[in-house]
Amino acid sequence: MKASYMLSKEMARKMILVHPPEPRKELLLSSPSQGVYIGKTRFLRTPVFWDPNKLINPHIAIMGITGSGKSYTVKTFLTRASLIWNTNAIILDWVGEYENWVKQAGGRVINLAKERLNILDLVGLPKRSRIKQIVSALDVLADLKNYPNERDDIEEALEQVYYGAKKESKKDSSTESKAKKTLVDVVTILENSKKKKAARLLKRFTAEGTDFFAGTSTMNIKELTTSGLVCIDLHELPSEEMRSLAGLTILQYVKELMRAEGVKKDKQIRLFVVLDEAWKIAQDDRSDVITIVREGRKYNFSLIIATQNPTDMHKTIFSNIGTVFVLRLILKEFRDYVRNSIGYSTFIDDEISRFGVGDAAVNMIFSERQSRVMTFLMDKIDGEEPLLIYKIKGGDMIVEIEREQFVRMLYEIGLNEGQLAMIKSEFERGDGLIDGEQFVAVLEKFGYSKPSIISFLRQLGIDEKNLIKVFSLVRMRKATKGVVNVILEDGNV
Ligand SMILES: Nc1ncnc2c1ncn2[C@@H]1O[C@H](COP(=O)(O)OP(=O)(O)OP(=O)(O)O)[C@@H](O)[C@H]1O
Ligand SMILES: [Mg+2]
């Protein structure tokens with residue numbers, strides 16, 4: 001009796017000494033139909049819900065080193081948000097890590113490298129405003145501010161393209177009809193008027209292979225903002241500059257759509273705009289990320305921004321974000337930046353540097369007045385293990401198998417935990433897909449014989465013809481060890 005009394009007294013003392021304050025339960029708790037469940041606080045185990053009705057604004061920033069769980073947090077969040085509110089989301093996917101998940105979640109994936117987005121499209125904007133926007137995108141990307149003469153030339157050429165051809169019938173030029181103008185026309189005007197330098201600045205967006213923004217649009221952004229979950233995959237665009245131009249242009253359109261929707265009284269989120277690793281466009285105070293952050297609350301547009309490097313995030317963005325998730329951060333410089341922006345104790349700062357995957361320090365600014373804003377710890381973002389599909393490419397065919405089932409099969413043939421982890425990481429590196437020969441090489445390394453590997457591949461559903469192909473490639477790899485151009489002979493498996 002006495003011992004337990006002492007123990008609990010000891011515990012109580014420890015709690016007071018050690019555990020930092022957590023927000024009041026009423027602020028964190030919400031009904032599952034009104035808020036997105038995130039996980040539990042570390043000390044009082046209070047369930048944490050993200051409820052836009054209680055928060056000062058609906059924007060979210062997530063920061064942490066690679067592998068700390070940023071994208072996982074976004075995915076968990078969007079999955080639950082769409083169950084509750086049926087919301088729309090546009091993910092600007094810089095590195096191509098959302099594609100599989102979005103497909104599995106029943107969303108749409110748009111590979112921008114296979115599309116065209118004419119940056120001269122007006123999407124309902126007055127011409128004058130669109131010209132301003134294009135020039136401002138070029139300010140960010142082509143550093144036009146440092147070329148004031150060329151900047152003027154380009155602006156003039158844009159005006160000429162939109163208004164210029166006076167002979168054209170007025171009807172035609174006001175609607176976005178067949179003879180749509182593109183950046184190519186702007187370059188032509190510049191060249192014809194001997195504005196060579198200005199033309200050159202633009203040409204990198206019109207040359208073959210980099211003309212994603214200089215053709216007739218194949219996608220309808222407005223429709224995409226109301227199509228449920230949409231991933232705009234930018235990673236196959238050839239350069240960071242192209243990805244940024246795409247990102248900026250899409251955000252400009254989103255901003256216009258947002259303003260056109262008008263101010264909303266309720267707090268039901270219309271659209272989540274997700275920027276994962278969008279460093280360049282989050283850094284620049286001319287980018288529309290800032291406008292969306294500033295005005296989004298009125299229109300119920302929510303920005304979710306994730307980054308490895310918090311200093312990439314412009315101060316204005318930081319100071320206008322209602323919810324910040326700090327996952328593991330190692331670099332002191334980054335931690336100091338975050339700490340100066342949202343403020344928390346040395347204890348929390350220290351914890352952040354030691355976090356495991358998914359652990360988070362969360363800062364929420366509630367609309368209800370509080371004595372002070374509080375950053376609290378969560379043990380782990382309580383995510384839903386997604387139903388992951390692994391794909392193995394065997395010759396001409398790709399077999400798909402659910403991860404859990406695949407892992408069970410590998411257990412059955414005797415792989416240990418360490419070996420399974422290696423295989424999982426191979427799949428993760430390939431975004432869920434690996435080549436058959438690569439898989440065979442790993443199994444061989446683990447000491448499996450050829451016949452047992454063959455029988456495993458058969459079990460997975462790879463047919464005989466493709467088994468031959470896989471093993472030919474294995475043989476070729478072994479023979480060449482990196483030397484290319486070996487003639488592939490047909491052989492028996
Ligand atoms: N809260 C969590 N619970 C369980 N597993 C998690 C959690 N967060 C992340 N993971 C797992 O950790 C791995 C890395 O997570 P994730 O891809 O989200 O990292 P990231 O921060 O986006 O990294 P990068 O900056 O490289 O994109 C993934 O395999 C993911 O499934
Ligand atoms: Mg990520």
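This is a predicted model: local features need pLDDT of at least 70, side-chain atom pairs count only at pLDDT 80 or more; totals for chains, interfaces and linings use all residues.
Colleague: How many residues of α17 are buried?

Modeller: The count is one among the ten residues of α17, which spans 403-412, and the helix is hardly covered.

Colleague: Across which strands does α17 lie?

Modeller: α17 lies across β12 and β13 and runs at about 90 degrees to β13.

Colleague: In what order do the strands of that sheet come?

Modeller: The order is β13-β12-β14, an open sheet of three strands with mixed pairing. β13 (397-402) and β14 (433-435) each have a single partner strand, so one side of each is left without a neighbour in the sheet. On average, neighbouring strands here are turned by 25 degrees against each other, direction ignored.

Colleague: How many bridges join β12 to β13, and do they run parallel or antiparallel?

Modeller: Six bridges join β12, residues 389-394, to β13, and the two run antiparallel. K393 has I398 in β13 as its bridge partner.

Colleague: And where does α19 lie?

Modeller: Helix α19, residues 436-445, lies across β12 and β14, and its direction is at about 80 degrees to β14.

Colleague: Turning to the sheet of nine strands, what is its order?

Modeller: The order is β5-β6-β4-β7-β8-β3-β9-β10-β11; this sheet is open, and its pairing is mixed. The edges are β5 (108-111) and β11 (374-378); each has a single partner strand, so one side of each lacks a neighbour in the sheet.

Colleague: In what sense does β4 pair with β6, and over how many bridges?

Modeller: β4 and β6, residues 229-233, pair in the parallel sense over five bridges. The bridge partner of A89 in β6 is L229.

Colleague: How many bridges join β4 to β7?

Modeller: Six bridges join these two strands, which run parallel. D93 has D276 as its bridge partner in β7.

Colleague: What is the partner of D276 in β8?

Modeller: In β8 the bridge partner of D276 is A306. β7 (residues 271-276) and β8 (residues 301-307) pair in the parallel sense over six bridges. Helix α13, residues 288-299, packs on the sheet and touches β7 and β8, and its direction makes about 140 degrees with that of β8.

Colleague: A change of topic: at what angle do α6 and α9 cross?

Modeller: The axes of α6 (residues 148-164) and α9 (residues 196-203) cross at roughly 75 degrees and come within 9 Å. That angle makes α6 roughly perpendicular to α9.

Colleague: Which residues of α6 and α9 meet?

Modeller: From α6, E150, D153 and I154 meet K197, A198, L201 and L202 of α9. By class, this contact of α6 with α9 has four nonpolar, no polar and three charged residues.

Colleague: What about the backbone of R45: is its phi positive or negative?

Modeller: The phi of R45 is positive, near 55 degrees, in a residue other than glycine. Most residues other than glycine have a negative phi. R45 lies in the loop between β1 (36-40) and β2 (47-50).

Colleague: Why does R45 count as exposed?

Modeller: R45 counts as exposed because it has 10 C-beta neighbours inside 10 Å, and the cut-off for exposed is 12 or fewer.

Colleague: And what is the phi of D431?

Modeller: The phi of D431 is near 55 degrees, again a positive value in a residue other than glycine. D431 is found in the loop between α18 (417-429) and β14. With 15 C-beta neighbours inside 10 Å, D431 counts as partly exposed.

Colleague: Finally, which residues come nearest to ligand 1?

Modeller: T66, G69, S71, Y72 and G358 come nearest, out of the 15 residues around ligand 1. The shell divides into three nonpolar, nine polar and three charged residues.

Conventions: Residues are numbered from 1 along each chain as its sequence is written. Chains are lettered from A and ligands numbered from 1 in the order in which they are written. A residue is near a molecule or strand if its C-beta atom, placed from the backbone, lies within 6 Å of it. Ala, Val, Leu, Ile, Met, Phe, Trp, Tyr, Cys and Pro count as nonpolar, Asp, Glu, Lys and Arg as charged, and the others, Gly among them, as polar. A residue is buried if 20 or more other C-beta atoms lie within 10 Å of its own, exposed if 12 or fewer, and partly exposed in between; C-beta atoms are placed from the backbone. Helices (H or I, at least four residues) and strands (E, at least two) are DSSP runs, numbered from the N terminus. Two strands pair if DSSP finds at least two bridges between them. Axes are lines fitted to C-alpha atoms, for helices over the stretch in contact, and angles run from 0 to 180 degrees between N-to-C directions. Two residues are in contact if their C-beta atoms, placed from the backbone, lie within 7 Å. Angles under 35 degrees count as roughly parallel, over 145 as roughly antiparallel, 65 to 115 as roughly perpendicular and the rest as oblique.
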